[in-house]
Amino acid sequence: MKFAKTMAGILMGTSAMFSAATMAETHVVNASLTSFDPLVIKIQPGDTVKWDRMNGHLVNTKFTDSKGVTEYLPEGAEGFMSQMGENFETQPLTVEGVYLYKCDPHWGAGMGGAIIVGEPTNLQAIVDSKPKGALKRLVKKTQKAVE
Ligand SMILES: [Cu+2]
(Lines give C-alpha, C1' and ligand atoms only; values in the text may rest on other atoms or scores of the structure.)
Protein backbone atom coordinates (compact mmCIF):
# COMPACT_ATOMS: atom_id res chain seq x y z
CA MET A 1 0.00 0.00 0.00
CA LYS A 2 2.76 2.36 0.91
CA PHE A 3 4.54 1.39 -2.28
CA ALA A 4 1.46 2.13 -4.38
CA LYS A 5 1.12 5.57 -2.84
CA THR A 6 4.76 6.38 -3.54
CA MET A 7 4.45 5.22 -7.13
CA ALA A 8 1.39 7.42 -7.63
CA GLY A 9 3.36 10.35 -6.24
CA ILE A 10 6.24 9.73 -8.62
CA LEU A 11 3.93 9.35 -11.59
CA MET A 12 2.08 12.56 -10.77
CA GLY A 13 5.33 14.45 -10.34
CA THR A 14 6.60 13.16 -13.66
CA SER A 15 3.46 14.09 -15.56
CA ALA A 16 3.47 17.61 -14.07
CA MET A 17 7.06 18.09 -15.24
CA PHE A 18 6.21 16.65 -18.63
CA SER A 19 3.26 18.96 -19.19
CA ALA A 20 5.27 22.03 -18.12
CA ALA A 21 7.98 21.07 -20.61
CA THR A 22 5.60 20.49 -23.50
CA MET A 23 3.61 23.66 -22.81
CA ALA A 24 6.63 25.98 -22.86
CA GLU A 25 6.80 27.72 -26.22
CA THR A 26 9.48 29.47 -28.21
CA HIS A 27 8.25 32.72 -29.73
CA VAL A 28 10.04 34.16 -32.75
CA VAL A 29 10.64 37.87 -33.29
CA ASN A 30 11.99 38.93 -36.68
CA ALA A 31 14.35 41.85 -37.16
CA SER A 32 13.49 43.83 -40.27
CA LEU A 33 15.38 46.99 -41.30
CA THR A 34 15.14 49.03 -38.09
CA SER A 35 12.28 47.37 -36.24
CA PHE A 36 11.31 44.19 -34.49
CA ASP A 37 8.24 42.25 -35.58
CA PRO A 38 6.23 41.78 -33.46
CA LEU A 39 7.36 44.82 -31.52
CA VAL A 40 5.49 43.75 -28.38
CA ILE A 41 5.14 40.05 -27.69
CA LYS A 42 3.05 38.42 -24.96
CA ILE A 43 4.24 35.09 -23.64
CA GLN A 44 3.64 32.79 -20.68
CA PRO A 45 6.12 32.29 -17.82
CA GLY A 46 8.64 29.61 -18.82
CA ASP A 47 8.46 30.42 -22.52
CA THR A 48 11.47 31.62 -24.49
CA VAL A 49 11.92 34.26 -27.17
CA LYS A 50 14.15 33.80 -30.19
CA TRP A 51 15.18 36.53 -32.62
CA ASP A 52 15.56 35.71 -36.29
CA ARG A 53 17.04 37.55 -39.31
CA MET A 54 19.43 39.30 -36.93
CA ASN A 55 22.12 40.09 -39.48
CA GLY A 56 23.35 43.57 -38.47
CA HIS A 57 21.30 43.62 -35.25
CA LEU A 58 21.54 42.66 -31.61
CA VAL A 59 19.29 42.67 -28.55
CA ASN A 60 20.29 44.29 -25.27
CA THR A 61 18.25 44.97 -22.10
CA LYS A 62 20.68 47.64 -20.86
CA PHE A 63 19.59 51.20 -21.60
CA THR A 64 22.13 53.97 -21.10
CA ASP A 65 21.25 57.63 -20.63
CA SER A 66 22.52 60.60 -18.64
CA LYS A 67 21.47 58.84 -15.40
CA GLY A 68 23.55 55.78 -16.26
CA VAL A 69 22.54 52.23 -17.13
CA THR A 70 18.97 51.08 -16.48
CA GLU A 71 17.30 47.76 -17.15
CA TYR A 72 13.51 47.74 -17.46
CA LEU A 73 12.79 44.26 -16.16
CA PRO A 74 10.60 42.78 -13.45
CA GLU A 75 12.20 42.50 -10.02
CA GLY A 76 14.46 39.43 -9.89
CA ALA A 77 14.60 38.89 -13.65
CA GLU A 78 17.89 38.68 -15.52
CA GLY A 79 18.67 40.83 -18.52
CA PHE A 80 20.37 39.64 -21.67
CA MET A 81 22.57 40.82 -24.51
CA SER A 82 23.26 39.02 -27.76
CA GLN A 83 26.20 39.21 -30.11
CA MET A 84 25.89 41.30 -33.26
CA GLY A 85 24.17 39.24 -35.94
CA GLU A 86 23.30 36.38 -33.58
CA ASN A 87 19.89 34.68 -33.82
CA PHE A 88 19.74 34.78 -30.03
CA GLU A 89 17.35 32.81 -27.84
CA THR A 90 16.62 33.72 -24.22
CA GLN A 91 16.67 31.35 -21.30
CA PRO A 92 13.11 30.47 -20.19
CA LEU A 93 11.63 33.76 -18.93
CA THR A 94 10.05 32.78 -15.63
CA VAL A 95 9.55 36.12 -13.84
CA GLU A 96 6.28 37.82 -14.80
CA GLY A 97 6.40 41.37 -16.07
CA VAL A 98 7.63 43.59 -18.86
CA TYR A 99 11.10 43.17 -20.36
CA LEU A 100 12.26 46.02 -22.60
CA TYR A 101 15.18 45.63 -24.98
CA LYS A 102 16.75 47.46 -27.87
CA CYS A 103 19.12 47.03 -30.79
CA ASP A 104 22.08 49.28 -29.98
CA PRO A 105 23.13 50.15 -33.57
CA HIS A 106 19.56 51.15 -34.48
CA TRP A 107 18.19 52.47 -31.20
CA GLY A 108 18.54 55.97 -32.67
CA ALA A 109 15.92 54.85 -35.22
CA GLY A 110 13.77 53.48 -32.38
CA MET A 111 14.62 49.80 -32.86
CA GLY A 112 13.42 48.32 -29.59
CA GLY A 113 10.90 45.83 -28.36
CA ALA A 114 8.99 44.55 -25.37
CA ILE A 115 8.31 41.09 -24.00
CA ILE A 116 5.37 40.77 -21.63
CA VAL A 117 5.64 37.62 -19.55
CA GLY A 118 2.28 36.85 -17.95
CA GLU A 119 1.03 39.95 -16.13
CA PRO A 120 2.80 43.28 -16.80
CA THR A 121 3.64 43.65 -13.08
CA ASN A 122 6.28 46.40 -13.50
CA LEU A 123 4.69 48.40 -16.34
CA GLN A 124 3.35 51.18 -14.11
CA ALA A 125 6.77 51.57 -12.48
CA ILE A 126 8.32 51.96 -15.95
CA VAL A 127 5.69 54.58 -16.89
CA ASP A 128 6.33 56.38 -13.61
CA SER A 129 10.06 56.61 -14.41
CA LYS A 130 9.01 59.09 -17.14
CA PRO A 131 10.90 57.61 -20.10
CA LYS A 132 11.89 59.96 -22.90
CA GLY A 133 12.34 59.75 -26.67
CA ALA A 134 12.41 56.32 -28.29
CA LEU A 135 11.98 54.67 -24.90
CA LYS A 136 8.81 56.68 -24.27
CA ARG A 137 7.41 55.52 -27.63
CA LEU A 138 8.29 51.91 -26.83
CA VAL A 139 6.56 52.15 -23.44
CA LYS A 140 3.46 53.66 -25.10
CA LYS A 141 3.27 50.73 -27.52
CA THR A 142 3.67 48.31 -24.61
CA GLN A 143 0.80 50.01 -22.76
CA LYS A 144 -1.36 49.77 -25.91
CA ALA A 145 -0.68 46.04 -26.11
CA VAL A 146 -1.98 45.40 -22.59
CA GLU A 147 -5.11 47.57 -22.85
CU1 LIG B 1 19.10 46.77 -35.40
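Two strands pair if DSSP finds at least two bridges between them. Helices (H or I, at least four residues) and strands (E, at least two) are DSSP runs, numbered from the N terminus. The model is predicted: local features need pLDDT of at least 70, side-chain atom pairs count only at pLDDT 80 or more, and totals for chains, interfaces and linings use all residues. Residue numbers start from 1 along each chain as its sequence is written.

**Exercise 1. Find the pairing of strand E8 with E3 and with E7, and the direction of each pair.**

Step 1. Take E3 and E8. They pair in the parallel sense, over four bridges. Ile43 has Val117 of E8 as its bridge partner.

Step 2. Take E7 and E8. These run antiparallel and are joined by six bridges. Gly97 stands opposite Val117 in E8.

**Exercise 2. Decide whether the faces of E8 are covered or open.**

Step 1. Apply the burial rule. A residue is buried if 20 or more other C-beta atoms lie within 10 Å of its own, exposed if 12 or fewer, and partly exposed in between; C-beta atoms are placed from the backbone.

Step 2. Count. Six of the six residues of E8 are buried.

Step 3. Sort by side. In a regular strand the side chains alternate between the two faces of the sheet. Gly112, Ala114 and Ile116 are buried on one side of E8, and Gly113, Ile115 and Val117 on the other. Both faces are covered.

**Exercise 3. Work out which residues of helix H3 are buried and which are exposed on the face turned away.**

Step 1. Check the helix length. H3 (residues 133–146) has 14 residues and spans 21 Å from first C-alpha to last, close to the 20 Å expected at 1.5 Å a residue. The expected span is 1.5 Å times one less than the number of residues.

Step 2. List the buried residues: Leu135, Leu138, Val139 and Thr142. Seen down the axis of H3, they fall within an arc of 100°, so they line one face of the helix. The arc is that of the directions from the helix axis to the C-beta atoms.

Step 3. Turn to the face away from the buried side. It carries the exposed residues Gly133, Lys136, Lys140 and Lys144.

Step 4. Name the cover. The buried residues of H3 are covered by elements including E3 (40–43), E7 (97–102), E8 (112–117) and helix H2 (123–128). Contact here means C-beta atoms, placed from the backbone, within 7 Å.

Methods:
Contact = placed C-beta atoms within 7 Å.
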